[in-house]
There are 2 protein chains.
Amino acid sequence: MGLQHLSGQLSGAMSQQAREVMQRIEALARITDEPGRLTRTFCSPAMRDANALVGRWMRSAGMTTREDAVGNLIGSHTSSNPSGKILLMGSHLDTVRNAGKFDGPLGVLLAIACVDMLRRERHQLPFGIDVIGFADEEGVRYQTTYLGSRAMAGRLRKSDLARKDAEGITMENAILKATDSTAVGKGGDLAAAIRRVRINAHGVLGYFEAHIEQGPVLEKKNLPVGVVTAIAGQSRLSLKFIGVAGHAGTTPMNLRRDALCAAAEFVCAVESFARQQSDLVATVGQIKVEPGASNVIPGAAELTLDIRHQSDAVREAATAKLTSLAKAIARKRGAKLSSELVQATDAVPCSPRLQQVLARAIKKQQNRSVALPSGAGHDAAVLGTVVPATMLFVRCKAGISHHPDESVTIADVRVALAVMADFVRLLAKEFASNGALAKRR
Amino acid sequence: MGLQHLSGQLSGAMSQQAREVMQRIEALARITDEPGRLTRTFCSPAMRDANALVGRWMRSAGMTTREDAVGNLIGSHTSSNPSGKILLMGSHLDTVRNAGKFDGPLGVLLAIACVDMLRRERHQLPFGIDVIGFADEEGVRYQTTYLGSRAMAGRLRKSDLARKDAEGITMENAILKATDSTAVGKGGDLAAAIRRVRINAHGVLGYFEAHIEQGPVLEKKNLPVGVVTAIAGQSRLSLKFIGVAGHAGTTPMNLRRDALCAAAEFVCAVESFARQQSDLVATVGQIKVEPGASNVIPGAAELTLDIRHQSDAVREAATAKLTSLAKAIARKRGAKLSSELVQATDAVPCSPRLQQVLARAIKKQQNRSVALPSGAGHDAAVLGTVVPATMLFVRCKAGISHHPDESVTIADVRVALAVMADFVRLLAKEFASNGALAKRR
């Protein structure tokens, strides 16, 4: 039986599953640490309740569930033809403060629905599937992101456990209090238990994450979903133009060294440069002038610059180019420039092989598959450093995210679900025919 | 005896007078309300002491002294050939907080020295000279400027007397406590006494004020002094560009409506436009973006715009042009603009007739006379609305003012003094020949 035929047959079930995903999104949105708005942070009571509820949904989809030592929830769908390999699917269950409903939960609920569908159609998979609800991606409580996926990638450090939240509670105590003590075991050595959370990369086919785009590209292109090429790398810079302050009334234009004029010229140059580079985004999000009075020529202007691209080489070249542009602008104006690279994070490319499979699955559901980088970070950026990773972006209204107005349509959820089911089926077919997918990133 | 010959004869006396002006500048700089820095505010103990000291210097220059109802100090040099007309000369004795020594006092001390010189050379003047030390120009204590000259111009309102300083003391009480009660008279009706401060414009030939430039033009031109064309008018605007905030990582450049980019384009346009207009200055001194995070595209950018020119027509045209430029930039970028005219003050032109006389006096002391507008306000801006006014700018180091680094050389003080003496002599000569100067602005 061809895949296309099978999809058609199941479209009624798909609509039912999409409806259920939307109902579960609403149910999860009611589980919050802050009455009146959605906030669910690492190891909080709301996270405990969310894990309990999602665990029940996992089990009703035929999965066995467990929680690891940092509070990641894992539902296992065991293959009927076990190769010993597993496909990881998931996203995070924590949220930012005053969050939208879809950022994180959508990927977990879609994965559960996908497993449920494949189980109902009694699809024989040559690998197992673990659906993961990560315990922390947003980093709200401990000001450090990706606690769940870092533990799985073996990148959560013992020093992280000593971090304190706003109330002075260490991460170690928060975890011990909140999580299933059986995961830590006798003696209560949490650090050792967290080392055991690390996945065995050799046994993993790959990691799949569905997530809202958090940007406007799919909406602009009028497409429900898209495939992610990479989680973009990021450079954050701080730049300060130092000119000469002066009286706004008594200093003629030609004798000024106005630091804000230099900064403004730079802001325009940043925009113009980034527009010419495919997929590059560069943003000046903060600017401050000194002394900052309406009748005084600014003597200094300090600004931030955020540069992102899926290619580290492109990002680094852009960073160098924009820094040298800033220097040239300062020099031309008799001003000084100080600049500092505050942070640089490398891009994490998604697996080209898995992208290809995902693109084939997408093309079956919508006219064309667009590939786009993710400018925001995701659990896939962490897991992608140890196993092949791929991401499906789902269109969200006006690109709004991290806000109660976050919105996704049920029609798009249905498309995403159909794409995911096809992705798993295509993967199973390829795996059956060559069995070596895990080795080919 | 020709003027030139007379000047030569007196050059030794001039140097002595310049030295004395500098010594008096130092003596006055020690009279302060705040130990360790120079601050002298309206009706403060330091102002009382300053008036007492300057009054002694006036009397030693042969003047009779009095204080009016707002605390202006007036030294009168009576003509030996009285026409009933007087020339006003002066500046202010109050200062900003942590002030320089020259802003204000220089003009008063130069006027006293000028009268002293003319008296010593027994120059027969056909008019009297009143030297005025204004009680308040900076407006530090009551947040409203020109209290002294506004009283003389009949523009100090009764409502001003109800203003309170930072300690809740009304202006009326501050004046009654500090000034010579004889000026108020029996019954203590201060408002009536202040009405009597108003000068009789018909009896006044004009007002002359020497002041440091507070800008870099004379230094740049390598000239000790210059003649002021007008006290520039000023328009203050508040503008806000409203774009769309967004994620700095997920919003492609071509889908942004970055409010800061719009503002930056505007700042560059303001600078470029003002550079093309003779004597126009336009300054963006404050800028604020919202939400103001390094990883968020600015959704709004608010800025101030300060525009000054000696011609109201030029300033108003510039204000209209720049506002329409801002609108065009917003429209082109799909952003919105809100703009508000916060304040508009008309220019006060200096008397062309007195400018001419002053320029002749200047040309005798330095190769050429440059005419420049004053971008800052002065007592001449107030008196200039009721009598012909003229101003002499004296070069100050690097244009620095309102700062302890304010600096003027003794050589420039000597030039200024020579120019002032010649100005009075030229005025006397013209007055004697046509007697109608007061009617010809």
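The contact draws 47 residues from chain A and 47 residues from chain B, with contact meaning heavy atoms within 4.5 Å. This is a predicted model, in which local features need pLDDT of at least 70, side-chain atom pairs count only at pLDDT 80 or more, and totals for chains, interfaces and linings use all residues. Residues are numbered from 1 along each chain as its sequence is written.

**Buried area**
- Between them, chain A and chain B bury about 3,900 Å², 64% of it on carbon and sulfur atoms; buried area is the accessible area (1.4 Å probe) that two parts lose on being put together, summed over both.
- Thr250(A), Met253(A) and Ser294(A) supply 16% of the area that chain A buries against chain B, more than any other three residues.

**Salt bridges**
- Two salt bridges are counted between chain A and chain B, each defined as a side-chain nitrogen of Lys or Arg within 4 Å of a carboxyl oxygen of Asp or Glu.
- Glu271(B) forms a salt bridge with Arg333(A), and their closest N and O atoms are 2.7 Å apart.

**Arg97(A)**
- Arg97(A) lies in the loop between strand S3 (86-92) and helix H4 (105-120) of chain A; helices (H or I, at least four residues) and strands (E, at least two) are DSSP runs, numbered from the N terminus.
- Not counting residues up to four places away in sequence, Arg97(A) touches Glu34(A), Arg37(A), Leu38(A), Thr39(A) and Val140(A).
- Arg97(A) and Pro404(A) are 307 residues apart in sequence and 9.8 Å apart in space, C-alpha to C-alpha.

Notes:
Chains lettered and ligands numbered in written order. Heavy atoms only, no water.
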